[in-house]
Amino acid sequence: MGGGIAQLAASAGHNVLLFDSFTGASAKAVERIKAGLDGLVKKGKMDEAKMNGILSKIKVGGVLEDFAQCGFVIEAVIEDLEVKKDLFRKLESICRPDAVLATNTSSISVTSIAAACKESGRVIGVHFFNPAPVMPLVEIIPGLATETSIAQKVTEFIKSWGKVTVLAKDTPGFIVNRVARPFYGEAIRIYEEGIADIADIDWAMKEIGGFKMGPFELMDFIGNDVNYMVTETVWRQMFFDPRYKPSITQKRLSEAGFWGKKSGRGYYNYAEGAAQPTSNKDTKLGNEIFMRIISMLVNEAFEALYYKIANREDLETAMTKGVNYPKGLIAWGEEIGLKKVLATLEGLSETYNDDRYRPSVLLKRSVN
Ligand SMILES: NC(=O)c1ccc[n+]([C@@H]2O[C@H](COP(=O)([O-])OP(=O)(O)OC[C@H]3O[C@@H](n4cnc5c(N)ncnc54)[C@H](O)[C@@H]3O)[C@@H](O)[C@H]2O)c1
């Protein structure tokens, strides 16, 4: 992620200092950036002068103290609270007093990272999506102590890089990683219960739902290790709310090293010539699958709105720009009919007697 963010900032015309505590890691990141830009040049999407201009703006730092000259620092080290806190403590003592210190964390509380600093008002979450130069969305997450002026300044700054920003409350998973959970979790439930196979579920969500990728294809693409870790983290941080409960299926895939595309095997087998499961394309079953998953997603979006995780506009933007959903979930729910969504949830709730399916207060109010 660090390399992608560096490329993005350099493309926006900024001088960038790239630093990694592991010797050689930054140089490797620069090589990867160069290889990516080279590819664009070969395809005729960028000229060589532009590529050289971007590369000339990225310098590799030798020691952390080199950040003393920087006005804006984005941390993208491993997802570990103690490692991040230790880094912010050091950065605070190195950086200029007016420098903004940002974290690209995808699941750790920004407030808890900022608490490592004496001047936590200038610490903020700036959550990019992978690959950072391509994905349009950035979630801006002020911690409890972040100064409002810093949040405004950072939002304008990131917008000037050509990104779409949304403002998210510092809560587990922020917007996208919270609201998207049922896309994966509910699909796995349907599979675990033997209601449908992975190919049927993927087919239903693509063909009937209009999603670009089915849940299992997407999980294999993200990495089942990463996806499991995010699910588990959100669930734990939400005080074990059953709505976010991870699945044994995904845990086993993660343990087995069946991480998806990157490891050659996940829900699907990516070995050359491997047999692929096919869908029966049963429209009745497909509609049931779609309604169950979309109702859970819409419910999650209403819940996020109710708890002021973000405003309606930002919620809709986050899901369409961050994970390419074909429509914003609240508008989608309205289009399907909130009454129908609520009835689906109530049906699931009655069938399973599981708090996981409880409808959002706001959804109920919007129907009545
Ligand atoms: N990969 C994604 O899709 C994605 C998306 C959004 C946000 N993020 C966030 O970005 C951050 C980095 O994720 P990534 O996928 O690039 O991870 P990564 O493992 O590819 O990179 C992490 C970097 O941290 C360095 N590192 C490892 N141990 C360290 C230590 N003890 N101290 C300091 N540096 C150390 C490594 O050298 C490596 O360059 C995480 O906070 C992650 O949650 C990742």
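Helices (H or I, at least four residues) and strands (E, at least two) are DSSP runs, numbered from the N terminus. On that basis, the secondary structure of the protein chain comprises 17 helices and seven strands. The structure is a predicted model, in which local features need pLDDT of at least 70 and side-chain atom pairs count only at pLDDT 80 or more, while totals for chains, interfaces and linings use all residues. Residues are numbered from 1 along each chain as its sequence is written, and side-chain values use heavy atoms, with hydrogens and water left out.

**Overall dimensions**

- Along the principal axes, the C-alpha atoms of the protein chain fill a box of roughly 60 × 50 × 35 Å.

**Domains and their interface**

- The protein chain is divided into domain 1 (2-167) and domain 2 (178-367), with bounds that come from an automatic or database domain assignment.
- The centres of the two domains, taken over C-alpha atoms, are separated by 30 Å.
- Contact (heavy atoms within 4.5 Å) involves 11 residues of domain 1 and 11 residues of domain 2.
- The domains bury about 840 Å² between them, 65% of it on carbon and sulfur atoms; buried area is the accessible area (1.4 Å probe) that two parts lose on being put together, summed over both.
- Strand S7 (residues 164-167) gives the most to the side of domain 1 that touches domain 2, with four residues.
- That side of domain 1 consists of eight nonpolar residues, two polar and one charged, where Ala, Val, Leu, Ile, Met, Phe, Trp, Tyr, Cys and Pro count as nonpolar, Asp, Glu, Lys and Arg as charged, and the others, Gly among them, as polar.

**Salt bridges**

- Arg236 forms a salt bridge with Glu232, and their closest N and O atoms are 2.9 Å apart.
- Arg236 and Glu232 are separated by about one helical turn, because they lie four residues apart in helix H11 (residues 224-237).

**Backbone features**

- Asn130 and Pro131 are joined by a cis peptide bond, with omega about 0°; Pro131 lies in the loop between strand S5 (123-128) and strand S6 (137-142).
- Lys308 is not a glycine, yet has a positive phi of about 55°; Lys308 lies in the loop between helix H13 (283-306) and helix H14 (312-322).

How values were computed
Salt bridge = Lys/Arg side-chain N within 4 Å of Asp/Glu carboxyl O.
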